[in-house]
Amino acid sequence: MRPNTEHTKNRKYLPGMTLLEVLVALFIFALTGTAIMKAASDHLNGVGQIEDITFATWVANNRLTQLHIDTTWPIKNNQKGEQEMAGRKWYWQQRVNKTNDNDMVQVEVSVGLDEQYEDSVTSASTFIAKQTEK
């Protein structure tokens with residue numbers, strides 16, 4: 001039995017993709033999907049870091065504001081404490097640096113999530129002058 005030559009000729013030009021073309025397309029989609037997932041993951045990690053820095057800055061600013069309100073002089077060096085914010089416990093540590101003026105000091109507050117104060121998220125500093133009695 002002889003194959004139908006007309007059917008064989010038309011078979012060459014049937015529309016569709018070969019297996020190799022399908023595999024190449026799947027490979028391209030897999031690479032693209034992986035790149036998109038990596039970019040989304042990096043973005044979410046960045047958002048978390050920004051959130052941590054924001055809350056830590058608020059804790060530091062709260063401590064510096066307390067020092068401005070308090071009239072105790074001299075300000076204690078290497079004082080440590082903790083504050084609850086955004087459902088987490090933040091640990092702060094203040095360092096007092098002398099200035100050329102004996103009635104003024106620089107106070108730096110470092111804030112982190114580590115109770116041992118080994119790693120800080122952020123720090124803030126300000127200058128505080130001795131309040132004169134009125």
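**Helix 2, buried side.** I started with the buried residues of helix 2 and listed Asp52, Phe55, Ala56, Val59, Ala60, Arg63, Leu64 and Leu67. My cut-offs: buried is under 20% relative accessible area, exposed is over 50%, and partly exposed is in between, with a 1.4 Å probe and protein chains only. I'm working on a predicted model, where local features need pLDDT of at least 70, side-chain atom pairs count only at pLDDT 80 or more, and totals for chains, interfaces and linings use all residues. Residues are numbered from 1 along each chain as its sequence is written, and side-chain values use heavy atoms, with hydrogens and water left out.

Next I asked what these buried residues pack against: strand 1 (79–85), strand 2 (88–98), strand 3 (104–112) and strand 4 (122–129). Contact here means heavy atoms within 4.5 Å. Helices (H or I, at least four residues) and strands (E, at least two) are DSSP runs, numbered from the N terminus.

**Aromatics.** I searched the whole structure and got one aromatic pair. It is Phe55 with Trp58, edge-to-face, at 5.4 Å centre to centre and 70° between the planes. Rings of Phe, Tyr and Trp (its six-membered ring) pair if their centres lie within 6.5 Å; planes under 30 degrees apart are stacked, over 60 edge-to-face, the rest tilted. The two residues sit three apart in helix 2, so about one helical turn separates them. Phe55 counts as buried because its relative accessibility is 17%, while Trp58 at 45% is partly exposed.

I noted one cavity of 30 Å³ or more; the largest cavity has a volume of about 70 Å³. On a 1 Å grid over the protein atoms alone, a cavity is a set of points where a 1.4 Å probe fits but cannot get out, a pocket is an open set with protein on both sides within 12 Å along at least five of seven lines, and lining residues have an atom within 4 Å of a point. The cavity lining includes Leu67, Trp73 and Ile128; helix 2 and strand 4 each supply at least two residues.

The largest pocket holds about 200 Å³ of space. Among its lining residues are Trp73, Pro74, Val96, Lys98, Met104 and Val105, and strand 2 and strand 3 are the elements giving two or more.

Technical notes:
Grid points are joined across faces, edges and corners, and a volume is the space filled by probe spheres set on the points.
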